[in-house]
Amino acid sequence: NMPNLRALAINGIFWNLQNGVWLDTLLKILSSLPHLELLSLDCTRHIFSVLKPISQMTSLKLLNLRDCSLGKDVKLPAEERLDQLLSCLSNLTSLQALDLANNELETLSDEQQSKLFGVFSQMPHLRHLNLGKAKFTSSQPLVSSLSQIPSLETLLLHHCNSVDLGTKLWTSLPRLSTLNLYDGSRVSLAGVTPQLYSLNLHGVCGAGSQLFEKLSWLSNLVSLDVSASFHSEMDAITLFRGLSSCPHLRSLDLTTFVSSCTQEVFDALLEGLRSVPLLEMLSLRKWKATQSFGPAFAATLQYLPALRHLDLSFLGMPGAHLLEILLALEKYCPLFNRFESPGNDLSYAQMLEWDGQCADRDLVELVQHGHYQILGRHEQKRSLFQVVRDPHSSPLPAVLNYRYELRGDQCADALPWLQIGRQCRELDLCDCHLSRLPPGLALLDPASTSLLALNLEQNPFVGPSREIAQRYQSGELDLPALIAAVASLYGVAGGATIKAAAKGADNAATDGGGVGGGANASEESSVGPEAEL
């Protein structure tokens with residue numbers, strides 16, 4: 001009933017087209033949409049049953065057949081599968097984007113692959129091609145076909161670890177702007193088009209050295225990912241010196257890029273960063289910081305005024321140096337809003353020291369110890385997590401979402417339960433590794449709490465907590481009954497006891513307890529949460 005529909009995406013539901021009802025339904029849908037321009041059937045099994053109506057969509061511009069087992073369907077022999085697929089694709093001459101990733105195309109013979117890839121040259125408007133996760137036995141059929149698609153702008157060959165693209169291919173692709181060779185190998189990038197603005201060489205060990213020597217070719221480069229490639233010290237220095245030829249660079253991922261983090265490498269990095277003032281994202285994750293790197297890096301931030309996201313995780317950097325970097329970010333990078341530092345020694349006290357000096361900051365997301373913590377105290381910010389310093393001057397948002405972020409009972413005990421009960425409507429504690437129900441729930445007043453919804457799913461509760469949680473999740477207990485059950489579980493009897501406990505907890509919160517300080521708060525107290533309650 002929608003003859004003018006232009007886009008249809010039915011993804012991820014694993015249509016079983018061996019079921020006659022499902023097949024008839026999908027055939028009826030596709031046959032009624034001849035003017036469709038975008039069709040996505042991601043994860044559709046036995047897709048060959050519906051290729052005929054797809055082939056009649058002559059206006060189709062984007063086709064997504066990712067993960068459809070095109071290369072391996074036990075119901076059809078290889079030749080018949082290939083004939084049906086070729087017949088379909090050859091009619092789609094208006095196609096601009098084609099996604100055939102994760103289809104086990106490596107199961108086709110070289111001759112069959114040549115026939116399949118040869119269809120691409122019959123698509124004069126094809127600009128985006130995704131052939132990811134295909135472990136080709138030979139790269140010659142692919143390279144020969146790609147060289148006949150001069151309109152190609154995006155080429156995704158991630159996890160194709162047997163592809164050897166050689167050097168002659170690039171002259172045939174003058175418009176290529178995005179190249180993804182994630183986890184590839186035997187890739188020669190000499191002569192790559194200067195129009196390239198996004199290049200992903202994650203895990204391409206050693207293949208990037210030729211590129212680094214002639215980085216001046218890529219003056220339009222905006223995004224460069226050379227993570228997990230473990231290059232030599234000389235390659236790293238060559239790359240960093242070449243950054244001066246990429247003034248438009250906005251994203252640079254150097255996660256585990258270099259195998260040896262010497263002082264010479266760091267000096268070359270800092271020198272190169274001074275040449276990319278538009279940089280917005282920088283990752284140095286899993287480097288090994290030298291003793292002088294922290295202060296020198298903090299001074300370099302004055303040359304990166306556009307920086308928004310900085311990842312310094314697992315550098316082994318002392319908290320004092322990280323604090324110096326945070327203060328430099330506040331001073332030199334007005335757009336900065338995300339800082340990652342797990343695996344370092346930044347303490348909760350140092351986080352609060354920095355927070356106290358950035359009162360005008362709208363929103364900063366700090367990832368520390370596996371938690372997301374929003375620092376800064378702007379009244380209009382929309383945050384899911386925040387460091388609570390003063391329960392009366394820092395109101396909590398109506399929805400608190402700690403899903404997947406809290407890790408363990410101690411973190412849950414440190415939450416400001418009284419504030420949650422007075423100010424929040426929804427609290428999500430799904431998959432937070434809780435083995436028992438938080439005793440702080442008993443502090444809530446069932447008659448007056450603002451809390452309306454609590455999600456406790458996917459937590460490994462044990463003992464009585466498990467039984468109570470199961471009754472709550474099944475609907476046997478509502479939220480007031482859950483609060484009463486928790487109070488009974490921990491021996492809290494009557495409103496007077498709860499009020500007394502609440503008063504003590506209020507005093508503790510005012511003295512500096514709050515979200516994000518769970519680990520420190522638990523370590524400093526020698527009394528368990530049940531006894532405190």
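Which residues touch the most other members of the largest nonpolar core? In this predicted model, that core comprises 107 residues, and Ile 54, Phe 240, Leu 254, Trp 287 and Phe 297 are the ones that touch the most other members. Helix α8, which spans residues 263–273, supplies the largest share of this core, namely six residues. Apart from this core lies another, of 34 residues, which includes Leu 415, Trp 417, Leu 437 and Leu 441.

The surroundings of Leu 254 were examined with its neighbours within four places in sequence left aside; on that basis, Leu 254 is in contact with Val 226, Leu 239, Phe 240, Leu 269, Leu 282, Ser 283, Leu 284 and Trp 287. Seven aromatic pairs were found in the structure. One of the pairs is formed by Phe 117 and Phe 120, whose ring centres are 5.8 Å apart and whose planes make an angle of 35°, an arrangement classed as tilted. Phe 117 and Phe 120 are both buried.

With regard to the chain as a whole, 18 helices and 18 strands were assigned, and buried residues account for 50% of its 533 residues.

Helix α10, covering residues 319–332, contains 14 residues and extends 20 Å from its first C-alpha to its last, which is close to the 20 Å expected at 1.5 Å a residue. The buried residues of α10 include Gly 319, His 321, Leu 322, Leu 323, Ile 325, Leu 326, Ala 328 and Leu 329.

Cysteine pairing was considered last. A disulfide is a covalent bond between the sulfur atoms of two cysteines, and a search of the whole structure returned zero of them. For Cys 68, which is in no disulfide, the nearest cysteine sulfur is that of Cys 43, at a distance of 6.9 Å; Cys 68 has a relative accessibility of 0% and therefore counts as buried. Cys 430 is likewise in no disulfide, the nearest cysteine sulfur being that of Cys 432, 7.2 Å away. With a relative accessible area of 1%, Cys 430 is buried, the cut-off for this class being under 20%.

How values were computed
Residues numbered from 1 in each chain as written. Predicted model: local features only at pLDDT ≥ 70, side-chain atom pairs only at ≥ 80, totals over all residues. Heavy atoms only, no water. Helix = DSSP H or I, 4+ residues; strand = E, 2+ residues; numbered from the N terminus. Buried < 20%, exposed > 50% of the residue type's maximum accessible area, 1.4 Å probe, protein only. Core = buried A, V, L, I, M, F, W, Y, C linked by side-chain atoms within 4.5 Å. Contact = heavy atoms within 4.5 Å. Phe/Tyr/Trp six-rings, centres within 6.5 Å; stacked < 30°, edge-to-face > 60°. Expected span 1.5 Å × (residues − 1). Disulfide = S-S within 2.5 Å.
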